[in-house]
Amino acid sequence: MQDLAHHILDIAENSVRAHASLVVIRLQERPSEDLLRLEIIDNGEGMSEEMRRQVLSPFTTSRTERRVGLGLALLAQAAREAGGDCRVESTPFHGTRIVADFRLSHIDLKPIGDLGETMLVLAVGHSDTDFALEIERGGGLRRFDTQEIRASLGDAPLCSPTGLRVLRGHLGEVLGTRPTHPYGLKESPNAC
Amino acid sequence: MARLSVQSLNALRDQLQAERAGREGKCRATVIVHMGTCGISAGARQVMTALLGALEERGIADVAVSSSGCAGMCSREPMATVQRPGEAPVKYADLDEKKIVRVLDEHVIGGSIVKEYALAMGSERAG
C-alpha cells in the first residue's frame, strides 16, 4: 500500500464484510505529541478475544475467517515503521475499533494520499453502509458523512451522475480541494 | 466444504439479490470491482475511480457499481465482474484505468465481451 488512504480503504472494507452499518474513520494530528492517530471504528459483528489477539499476524487468519487477512498486518507494519503501533479493540456483536499511531515527524511515515478517492469508492461501493470521515487538525474538526448525502439525494443512487457530483462536492468542501479531473479528486501529497 | 455460518448465508443472500436485481433489468448492468487487500494493492481503487469518472462523463445513470472482496485469484487483480441482465457474469482480470473504460464502452454499453481481458464467465462462491 503506497499511502494511508489505501490502508484506510482496505480496513474499512473489512468493516463492511463484518456487516457494519456505520464506519467512522478518524484522523487526528497532534503535533505537540508528535502523533498522527488513525482510528477506524465500526458497529459490525466484532470478533472473539482469540481472534482479536491473532488478527495483526499475517498468517493465522484467512482459513476459517475470510474477512480478515493481510490488511491489518500491513497497517500495523506501516505504523511500526513510522515509530508507532497498532492495536485492535473488539466486542463480539458490537463492533471493532482499530487504532494506528504514527510519529508525525518520522521519515518513514507514509503520505496520507487521496482520502477523497478512498471515501468516494467506499461510499459508492457499499449502498448498505454509511461512512464518516473526521479530520482533527490544528484545533479544527472537519467531517464528511454519507448519511447526510444519502438523505439529501433521496432515491438517486450515489453512483449516478448526480450522486457522484454531490459526493465530490461534499468531499471537496471537507478536504479543501476542488475536483479538477473527471477521474477523481486530486490533492497534494500529505494534504490531510 | 467449509461449515456454513449465518454470515456466509447473509453474504450469499445479498449477492443473489444483487444478481437478481441485475437480471430483472432494473439496471442496464452491474459492475462489481473486487476490493480485497490484494485488489487494492494492485490498483482496484484507481480502476473504480476511472469507471465512475467515465460513467459521469457519459451521463449514464442505470449502471450499478459496487465493491466486493477478493475473488480468490490475487495474482490477477485488479479484477471486476460485469453482469448484464439475463446474461452470465463475466470476470475481467489484470485491469487498469484504461482497460475498465474499454470494458464499460464495449461490454457494459455495447454488449460484446472484451475477450482480451476476460478471465472467465461465472461467479465465485460466496463465503
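This is a predicted model: local features need pLDDT of at least 70, side-chain atom pairs count only at pLDDT 80 or more; totals for chains, interfaces and linings use all residues.
Let me start with confidence. The model scores ipTM 0.84 and pTM 0.84. Chain A averages a pLDDT of 86, and 86% of the residues score at least 70. Which element of chain A has the lowest mean pLDDT, and which the highest? Helix 2 has the lowest, at 86. Strand 2, residues 35-42, has the highest, at 97. Then there is the stretch at residues 179-192 of chain A. There the pLDDT is below 50. Beyond near neighbours in sequence, this stretch still has 37 contacts in the model.

Chain B has a mean pLDDT of 85, and 83% of its residues reach 70 or more. Among the elements of chain B, helix 1, residues 6-23, has the lowest mean, 66. Helix 4 of chain B, residues 97-109, has the highest, 96.

Now the layout of chain A. How many helices and strands does chain A have? Six helices and six strands. Read along the sequence, the pattern is α-β-β-α-α-β-β-α-β-β-α-α. Chain A has 192 residues, and 44% of them are buried. Take the contacts in chain A with a separation of 6 or more. Of these, 60% come from residues 24 or more positions apart.

Next, the sheet. In chain A, six strands form an open sheet. The order is 3-4-2-1-5-6, and the pairing is mixed. Which strands stand at the edges? Strand 3, residues 85-91, and strand 6, residues 140-145, of chain A. Each has a single partner strand, so one side of each is left without a neighbour in the sheet. From one strand to the next, the twist averages 10°.

Strand 3 of chain A pairs with strand 4, residues 95-103, of chain A. The sense is antiparallel, over seven bridges. One pair to find on screen is A:Ser90, whose bridge partner in strand 4 is A:Thr96. Helix 3 of chain A packs on the sheet here, touching strand 3 and strand 4. Its direction makes about 140° with that of strand 3.

One residue in helix 2 of chain A, residues 49-54, is A:Arg53. Is A:Arg53 buried or exposed? It counts as exposed, because it has 12 C-beta neighbours inside 10 Å, and 12 or fewer is the cut-off for exposed. A:Arg53 and A:Glu89 are 36 residues apart along the chain. Their C-alpha atoms are separated by 9.5 Å.

Over to chain B. Look at strand 3 of chain B, residues 80-83. B:Ala80 and B:Val82 point one way from this strand, while B:Thr81 and B:Gln83 point the other way. What do these four share? All are buried. In general, side chains in a regular strand alternate between the two faces of the sheet.

Strand 3 of chain B has partners. Strand 1, residues 29-34, of chain B runs antiparallel to strand 3, and four bridges join them. B:Val33 has B:Ala80 as its bridge partner there. Strand 4, residues 90-92, of chain B also pairs with strand 3 in the antiparallel sense, over three bridges. In that pairing, B:Ala80 stands opposite B:Tyr92. Strand 3 and strand 4 of chain B form a hairpin with six residues between them. In the turn, B:Gly86 has a positive phi of about 80°.

B:Ala80 comes up again in the core. The largest nonpolar core has 82 residues. Those with the most contacts inside it are A:Ala12, B:Val31, B:Leu51 and B:Ala80. Which element gives the largest share? Helix 3 of chain B, residues 44-58, with eight residues. Now B:Val31, leaving aside neighbours within four places in sequence. Its contacts include B:Leu51, B:Ala80 and B:Val108.

Last, where the chains meet. The contact takes 26 residues from chain A and 23 residues from chain B. On the chain A side, helix 1, helix 3, helix 4 and helix 6 of chain A each give two or more residues. Helix 4 of chain A gives the most, with six. By class, the chain A side has eleven nonpolar, ten polar and five charged residues.

Conventions:
Residues are numbered from 1 along each chain as its sequence is written. Chains are lettered from A and ligands numbered from 1 in the order in which they are written. A nonpolar core is a set of buried Ala, Val, Leu, Ile, Met, Phe, Trp, Tyr and Cys residues joined through C-beta atoms within 7 Å. A residue is buried if 20 or more other C-beta atoms lie within 10 Å of its own, exposed if 12 or fewer, and partly exposed in between; C-beta atoms are placed from the backbone. Two residues are in contact if their C-beta atoms, placed from the backbone, lie within 7 Å. Ala, Val, Leu, Ile, Met, Phe, Trp, Tyr, Cys and Pro count as nonpolar, Asp, Glu, Lys and Arg as charged, and the others, Gly among them, as polar. pLDDT is the predictor's confidence in each residue, from 0 to 100. Two strands pair if DSSP finds at least two bridges between them. Axes are lines fitted to C-alpha atoms, for helices over the stretch in contact, and angles run from 0 to 180 degrees between N-to-C directions.
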